[in-house]
Structures are given as C-alpha cells and as structure tokens.
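Here is a short briefing to read alongside the structure. Keep the viewer open and follow along from one site to the next.

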Amino acid sequence: MKGFIVRNGPTPLVYIEDQQKIMKAWLKKTHRTSHEKSVTCIAIGDYVECEIQEQANEDIAVIHEVYPPTTMIVRESIRYPNRNKIIASNLDQVFIVVAVSHPTTPVGMIDRITVAALSGGLVPILVFNKWDEKPTDQAVWAEMESIIRMYQPVFKVLTVSAKSGYHTDELKACMRLKKSIFMGNSGVGKSALVKVLTGIDLRLGEISTSSGKGKHTTRDSVLYLVEDNSWVADVPGIKQLGFIQTDDPIQYFPELYKASAKCKFSNCKHDQEPGCYVKECITNGTIDARRLESYQKLKDEIEPEYFKERSMPEEKRPPRARSTGRK
Ligand SMILES: Nc1nc2c(ncn2[C@@H]2O[C@H](COP(=O)(O)OP(=O)(O)OP(=O)(O)O)[C@@H](O)[C@H]2O)c(=O)[nH]1
Ligand SMILES: [Mg+2]
Ligand SMILES: [Zn+2]
C-alpha cells in the first residue's frame, strides 16, 4: 500500500492514502538507491510502499520501499560534512518565515534558503511574521521595510501575524492543494503559524530574553493536515544549511539571472566588467545590491569546494570547514 511519511523521529508515522489514515510505521529495509550522497533513511514527505501488519492493539505499516523523491529540500549533514540530510521530500513550496521584530534573520540566510528551495525543485515564498509587533524604532523599521521591498519583485511575499491572525487567511489560501514547509530561524513563529492554520496546539517556545534568540523547541519534523489535500510541515528552527551544492547559483537568483543575459560578456562576473547589465540595474535601482552580494558570497563558497570535490573519489575527500552562512 502506498503512503507518505508525516512524522519522522523515534516513531515515524505514515499517512496511508487509500485509507486516509495515519499509522505507526516500522522501517524494514530502507536504503535510498536514489540519493546515495544522503545520510537520510527516511524524511517527511517520502512516498513509501508498505504492508499493513495487524498487531494486538493497533495496525503497523511496515515500510519496505522508499520511492525516489521528485523534489527535495536538503541541508548538509552535521556529522558527515560531505553528505546531505533530507529535511523533506516531495513538497511543493517553502515558506521562509522571518520575524519583523525578533529574532532577526540575516538576509544571507533568507537567500540561502531560497537557493536551497529552488535547487531542490520547490517554490520559495517569504512570510514576514509578527506584524503585530512592528518595531517602533524608525531606523529599525525602515531597514525591515527595505528588506521586504527587496524581495517583493522577486518572490511572493506575505506579511502576517500568528498572534492577531492578520493575513493568515491569505497564507492558508496559498497552501491549498499543496504540500508546504515552514523554514526559518528558531523563534520566528513557525509552530505558532501551524497552530493558527490547523488548530493544533504545539508547545511554543519562548524567546530567551538574554540572547533574543528562540529556544529550539520543535524537535521532530511533522507534516500537518491544513485542510483536504493541503499539508504543512513544521520542522526545528535551522541555524544553518551548511554547504549548498549547485552549479552556478545565479540560476537561483531569478532577477540576477534574467539581467545577466544582457551583460556584454557571456562570462561576466558582474564585478568590474564593462557593459555589465546587472550593475546597471543596481545603479538604476531595479536590482538590490544586497542580492548581488549574497550571490557572490555563495558563489565564492561553492565554486572551489564543489569542483575540487567532484574531481576526487568520495573516500579521499577531506571534511570541509564548516560555514554558517552568516556574516
Ligand atoms: N507578537 C507575536 N509573537 C509571536 C507571533 N508568532 C509567534 N510568536 C511568539 O514567538 C515565540 C516563538 O514562536 P514559535 O512558534 O515557537 O517559533 P518557532 O519558529 O516554531 O521556533 P522553533 O520551533 O524553535 O524553530 C513564541 O513565544 C510565540 O508566542 C506573532 O505573530 N506575534
Ligand atoms: Mg517550532
Ligand atoms: Zn554582468
């Protein structure tokens, strides 16, 4: 019987589609032939083939096959830096949650998640939460507004408040008939949004006042049913995605990619070259300089590592120095 994983952790749960029922799952044989560079056996969203085993008090789904995913959101494995960990499979879109008050999210981190989403086949959508708590300090608010304006022409952007319910209907409408995931810093309100959308009360973490950062409260990755055929995943807050493997990441910066086609030289690095259309767009204000900076940082990080790695057998690859994606 076919189903998909809705909870990952010590006791995985699987949603059996034919029966529209959630069951406890056992992993019988779960090698991922499709993704040998991953340390993940199973991730939320994975489609699996299972057999229902009748037990004394409840039925158990015994998984004997994991289907290759169509989309994937991955991060670097913390224990094995040359390998990936799949955060979720087969989802349609990533809601990148940012708090307009605190904790703050560096622009570089937002960009890294958009790149991870697009390179994995998912659509990134930005969600600015805690709209009820807009900063009163003018300079702080002006900075936040400029970040929101920078993304509006590039991605879909929503401004919401889990606390007051502001624009949460729009958020729900965006999820219709899709599988989505909330990603972002710890404490930005991912679980609070799940509560508003599903009515499921998860323990929400308080933000520790000393650091201004949220405590790591969500531990398991879970897909929740929002309404018929709409699911949303709540996962632990991410501190870093680690190294992102991709060819030239410019393809995942849609506005830079489009502009770069008009640069005078096809190998333009959008640095000092004459006739650089990307630079021209920055000068005339149609592209934000911070996005080019983000791209260049990511490219510098990827290129030497990625190509060095590819030319070496895996067992000889040295562990990589960790990068945080934060500056
Ligand atoms: N004022 C205000 N507070 C909010 C809002 N959304 C969430 N919070 C608060 O922010 C804190 C963190 O919320 P969580 O939902 O636990 O954050 P999270 O993103 O799930 O955090 P992790 O599970 O650690 O990744 C809680 O104290 C929430 O009550 C909002 O829209 N407005
Ligand atoms: Mg949470
Ligand atoms: Zn250029």
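Lys 163 is partly exposed, because 15 other C-beta atoms lie within 10 Å, a count between the limits of 12 or fewer for exposed and 20 or more for buried. This lysine sits in the loop between β10 (156–159) and α3 (168–175).

**The chain as a whole**
- The protein chain has seven helices and 13 strands.
- Of its 327 residues, 36% count as buried.
- Taking contacts between residues at least 6 apart in sequence, 65% join residues at least 24 apart.

- The average pLDDT of the protein chain is 86, and 83% of the residues score at least 70.
- Residues 322–327 are a stretch to handle with care: pLDDT stays under 50 there, and the model has 15 contacts for them beyond four places in sequence.
- Where pLDDT is low, the predicted coordinates should not be read in detail.

**The nonpolar core**
- The largest nonpolar core holds 73 residues, and those touching the most other members are Ile 73, Val 94, Ile 96, Val 127, Ile 181 and Ala 233.
- Which residues does Ile 73 contact, leaving aside its neighbours within four places in sequence? They are Ile 87, Ala 88, Leu 91, Val 94, Ala 116, Ala 117, Gly 120, Leu 122 and Ile 181.

**Strands β6 and β7**
- Strand β6 (residues 72–76) runs antiparallel to β7, and five bridges join them.
- Within this pairing, Val 74 has Ile 86 of β7 as its bridge partner.
- Strand β7 (residues 84–89) is mostly covered, with five of its six residues buried.

**Strand β13 and its two partners**
- Strand β13 (residues 230–234) is also mostly covered, as four of its five residues are buried.
- With strand β11 (residues 179–183), β13 pairs in the parallel sense over four bridges, and Ser 180 stands opposite Val 232 in β13.
- With strand β12 (residues 221–227), β13 pairs in the antiparallel sense over five bridges, and here Val 222 stands opposite Asp 234.
- β12 and β13 form a hairpin with two residues between them, and Asn 229 in the turn has a positive phi of about 60°.

**Helix α1**
- The buried residues of α1 are Met 109, Ile 110, Asp 111, Arg 112, Ile 113, Thr 114, Val 115, Ala 116 and Ala 117.
- Two of these, Ala 116 and Ala 117, are among the contacts of Ile 73.
- Gly 121 follows α1 and has a positive phi, near 90°.

**The loop between β8 and α1**
- Pro 103 is found in the loop between β8 (93–99) and α1, and a cis peptide bond with omega of about 0° joins His 102 to this proline.
- Ser 101 lies in the β8–α1 loop as well. Is this serine buried or exposed? Ser 101 is buried, because 20 other C-beta atoms lie within 10 Å, and 20 or more is the cut-off for buried.
- Leaving out residues up to four places away in sequence, Ser 101 touches Lys 130, Glu 133 and Pro 135.
- The C-alpha atoms of Ser 101 and Val 140 are separated by 9.1 Å, although the two residues are 39 apart along the chain.

- Most residues other than glycine have a negative phi, and most peptide bonds are trans.
- Lys 130, a contact of Ser 101, has a positive phi near 70°. This lysine is found in the loop between β9 (123–129) and α2 (138–151) and is buried, because 25 other C-beta atoms lie within 10 Å.
- Gln 20 has a positive phi near 50° and is found in the loop between β2 (13–16) and β3 (21–27). This glutamine is exposed, because it has 9 other C-beta atoms within 10 Å.

Note on methods. Residues numbered from 1 in each chain as written. Chains lettered and ligands numbered in written order. Predicted model: local features only at pLDDT ≥ 70, side-chain atom pairs only at ≥ 80, totals over all residues. Pairing = 2+ DSSP bridges. Contact = placed C-beta atoms within 7 Å. Core = buried A, V, L, I, M, F, W, Y, C linked by C-beta atoms within 7 Å. pLDDT = per-residue confidence, 0-100.
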